[in-house]
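Welcome, and please open the model in your viewer.

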Amino acid sequence: MKFYPTDKPLHGQLDIPGDKSISHRAVMFGSLANGTTEISHFLPGADCLSTISCFRSMGIDIETNPEHPDHVIVHGKGLHGLNAPDTVLDCGNSGTTTRLISGILAGQDFPCTLTGDASIQKRPMNRIIEPLTQMGACITSERDNGCAPLQIIGQPLHGITYHSPVASAQVKSCLLLAGLYADSATTVIEPALSRNHTELMLRHFGADLSSDGLAATIHPGNELSGISVKVPGDISSAAYFLAAACMIPGSEILLRHVGTNPTRDGILRVIQDMGGTVTYRRLSASGGESTADLEVRYTPLHGTVIEGSLIPTLIDEIPIIAVLASTAEGTTVIRDAGELKVKESNRLDLMVENLSRMGVDITGTDDGMIINGGKPLHGALIDSHLDHRIAMSFAIASLAADGETEIRDAECVNISYPEFYRDLKFLLQQ
């Protein structure tokens, strides 16, 4: 797909699609609850549809409507209501599905196998295999390489206290979900606080779960009950338009009902640190999740340093932050982001490689990158490696680059934001 620079600023108001992380969890927890869970503003992207498919394979009735794909009704059967699937569970491209469902399956009374696409079969799963094994789970990598396919034989589990070496919401959530089936409390302690959607939502479903600083503890015994979930707009999806408005002179946009959970709002703090202005309007909260309409307008930006505890709050946004830094004056340094090497692709290497093709003065490091911004960008051939966040980031970069930019496999945005190109075009035509 080919992209060209814009001679127009971005203007207008936009509703951002539902948060991917929260959409996944609403389906999973609703499946384990007694009664009906009604989900509004659900994200019907490929990843979340993989979660629906897996739970349907285990006997859960999940209603969807092609005319209203963002409305989902889950008829839960309780913590012990899942059935053994007749086939291998295919998680597609979704690391969230793979890791979180592993915690649930570890405590069931049936065996099953999890797999996914080529990308999932390269992503590290020892980070959940090891602590689940400590809980008594029988979970193995079929190829003995620490990756999917995973064979899981449900077992009685016992609670543990686990000091996670990485700040990962997927690891934390996996173990808390396994803790629902354990014989005693399970505590996960992180080196920095990762996104806390699991803790907030499980409490609303009725779980006995507490948080204390970097520790989250779940006590088994409570049944979950179906609820209504209104999914906020995904700040990870909003990030591309926030960056575009900051990059393109004359831009001014309003993004409605965006999730502003403080474990996810790092992109907003980075924009402010770089000299930009994001105005919060219509603040609200639902199910423990804060939301706001976000107004952002073009302001010349400068470099900054992004590191430490800020990283888990913006880990998915680092590719678009790298693009933003490329157009800002001065140097931006990103550290402590080694986790990006084991996402859908090696995002650190891909950003360095592809931004270099566009003329950016960028140097990769072991855990991040150094970007000397302010030089003109030029069009280039970009290989997305089927990574949705790479494709969307370079679609935004193309707006500020001279000449034609071609992005291979640009349609991979369907994983998280099927209407991304339509919405980008809308903001450019107002």
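Select Phe 3, which is buried at a relative accessible area of 11% (buried means under 20%, exposed over 50%, partly exposed in between, with a 1.4 Å probe and protein chains only). This is a predicted model, where local features need pLDDT of at least 70 and side-chain atom pairs pLDDT 80 or more, while totals for chains, interfaces and linings use all residues. Numbering runs from 1 along each chain as its sequence is written, and side-chain values use heavy atoms, leaving out hydrogens and water.

How many aromatic pairs does the whole structure hold? The search finds 7, counting rings of Phe, Tyr and Trp (its six-membered ring) with centres within 6.5 Å; planes under 30 degrees apart are stacked, over 60 edge-to-face, the rest tilted. Phe 3 and Tyr 421 make a tilted pair, 5.5 Å centre to centre with 45 degrees between the planes. Phe 3 sits in strand β1 (residues 2-3) and Tyr 421 in helix α12 (residues 420-428), 418 residues apart; helices (H or I, at least four residues) and strands (E, at least two) are DSSP runs numbered from the N terminus.

Next, pick Phe 241 and Phe 420, a stacked pair at 5.5 Å and 20 degrees. Phe 241 belongs to helix α7 (residues 235-247) and Phe 420 to helix α12, so this pair ties together parts 179 residues apart in sequence. Both are buried.

Finally, zoom out: the protein chain has 12 helices and 25 strands.
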